[in-house]
Amino acid sequence: MLEKIFKYILRHEIRKFSYKSVKRPDFSQEIKQKTKVITEEEGKKTIDLTKQLKAKILATGPITVADYMREVLTHPQGGYYMYKDVFGREGDFITSPEISQIFAELVGIWLLTEWYKLGSLEFQLVELGPGRGTLIRDLLRVLTHFKIDPQFSIHLVEISPYLGGLQAERICHGSTSIDDNKSRFYRKGETPSGIKVFWYKHLEDVPRNFSLVVAHEFFDALPIHKLQLENNLWKEVLIDIVSNVSEKPEFRFVLSKEQTPVSKLYQPLKSDTRLSLEYSLESDRLISMLAKRLQEDGGIGLVIDYGHFGDKTDTFRAFRKHALHDPLIEPGSADLTADVDFRRMKHTAEKNNEVITFGPIKQGIFLQQMQGDVRLERLLKNALPENQSLLKSGYEMLTDPKQMGGRYKFFSIFPAVLKEHLNKFPVNGFR
């Protein structure tokens, strides 16, 4: 079905539609005013990307939000993720593994306990969108501690060769770039303990074996289509050029007068009463692929991201220097993201009865059910006095319902054949 959708889209030109302006939330009160510090190289890339987007819109008409996100985040010459380290306190946003080692330790323990329950089969560890490699590095430490490292290999799905290089620096004692047009992977390396590591640009290229798959803050960066119901028809919110070039931003949101290919093909889930929403074709495609792989090859999937259960409408936004940023200003200079629709993800994963899913469950609840409090106390006993406050504040940020503990969700996927087995031996952290 998804292949038919993509082929349908490619056969139709979006430029034939008419548009009207769409009002979006006013970012002015929320965006922190900070001095812009952009290097000459970054500035050049931002200008080039803006010009390219304008040229594309002038040539083909207004573009989808999905096309805009794809260009802004992953364009080879100017994409946000493609040429710099954007993570951590010095970047634009910080992730859970960067805050406390407890996060990755508990995720690692969860993977190991569920793996043991399935018979301790030989496996490969797969991470989608590893960022700067903090999570995979800490997972390696957990797995090595339990002395199972000879039994697995690591496969990282990373579209950015630049970030792939950063990940290699963190987990390998040496790595090599591959550019022979024959290999499915574009980089390979080996950890100090001898574990083979491979990098791929697409999940399709990862070998078909029993896999432990982790996706942390991966699905929120996948391109989305913004849809709006008008006169009982789904229309699509698109991005156009502002006619008055002196205005800022240089781009604006518009609503198609007629239906677009995606809005024609979109089918809302049962009892969904929203009049506007965000829909990710790419998320549907990847979850469908992952479900099929887990059913045919065996394994476990764990998705960790911020999101909702099919009730939010407008979550598309940008972050720069840890503050909200208008997504239409200086494309390429800020992260673009949208909350994950876990209701849609659950429906897509389970629709063919290939897998069963658990969650989403709030991050704070998951970490506490995985005995995070006990781990914190043990770390505090062995920590220097000056480090104890950092350990406490970091764990509080991860688990506080008003902070990351409530914002982020855990969602797990297992082959459907394990349904009775998992009824007898419930999935840890999701009870």
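Modeller: The largest cavity has a volume of about 230 Å³. This is a predicted model, in which local features need pLDDT of at least 70 and side-chain atom pairs count only at pLDDT 80 or more, while totals for chains, interfaces and linings use all residues. Residues are numbered from 1 along each chain as its sequence is written, and side-chain values use heavy atoms, with hydrogens and water left out.

Colleague: How is a cavity found, and how many cavities of 30 Å³ or more are there in the whole structure?

Modeller: Rolling a probe the size of a water molecule over the atoms shows where empty space is left. A cavity is a set of points on a 1 Å grid over the protein atoms alone where a 1.4 Å probe fits but cannot get out; lining residues have an atom within 4 Å of a point. Points are joined across faces, edges and corners, and the volume is the space filled by probe spheres set on them. Here the search finds three cavities of 30 Å³ or more.

Colleague: Which residues lie nearest the centre of the largest cavity?

Modeller: Of its 23 lining residues, these are Glu 278, Ser 280, Val 340, Asp 341 and Arg 344. Strand E12 (276-279), helix H9 (281-297), strand E17 (340-341) and helix H10 (342-350) each supply at least two lining residues. Helices (H or I, at least four residues) and strands (E, at least two) are DSSP runs, numbered from the N terminus.

Colleague: What gives the most to the lining of the second largest cavity?

Modeller: That is H9, with four residues. This cavity has a volume of about 70 Å³, and its lining includes Val 126, Leu 203 and Leu 290.

Colleague: What is the strand order in the open sheet of three strands?

Modeller: Strands pair if DSSP finds at least two bridges between them. The order is E15-E14-E16, with antiparallel pairing. E15 (323-325) and E16 (335-337) stand at the edges with a single partner strand each, so one side of each has no neighbour in the sheet. Three bridges join E14 (residues 317-320) to E15, and Phe 319 stands opposite Leu 324 in E15.

Colleague: Is Asp 339 buried or exposed?

Modeller: Buried means under 20% relative accessible area, exposed over 50%, and partly exposed in between (1.4 Å probe, protein chains only). Asp 339, in the loop between E16 and E17, is buried at 7%.

Colleague: Which side chain joins that of Asp 339 in a polar contact of 3.0 Å?

Modeller: A polar contact is a pair of N or O atoms within 3.5 Å; within protein, one must be able to donate a hydrogen and the other to accept it, and residues adjacent in sequence count only if both atoms are side-chain atoms. The partner at 3.0 Å is Arg 407, and the side chain of Asp 339 also makes a polar contact with that of Arg 317 (2.9 Å).

How values were computed. 1 Å grid on protein atoms, 1.4 Å probe; cavity = no way out; pocket = protein on both sides within 12 Å on 5 of 7 lines; lining within 4 Å.
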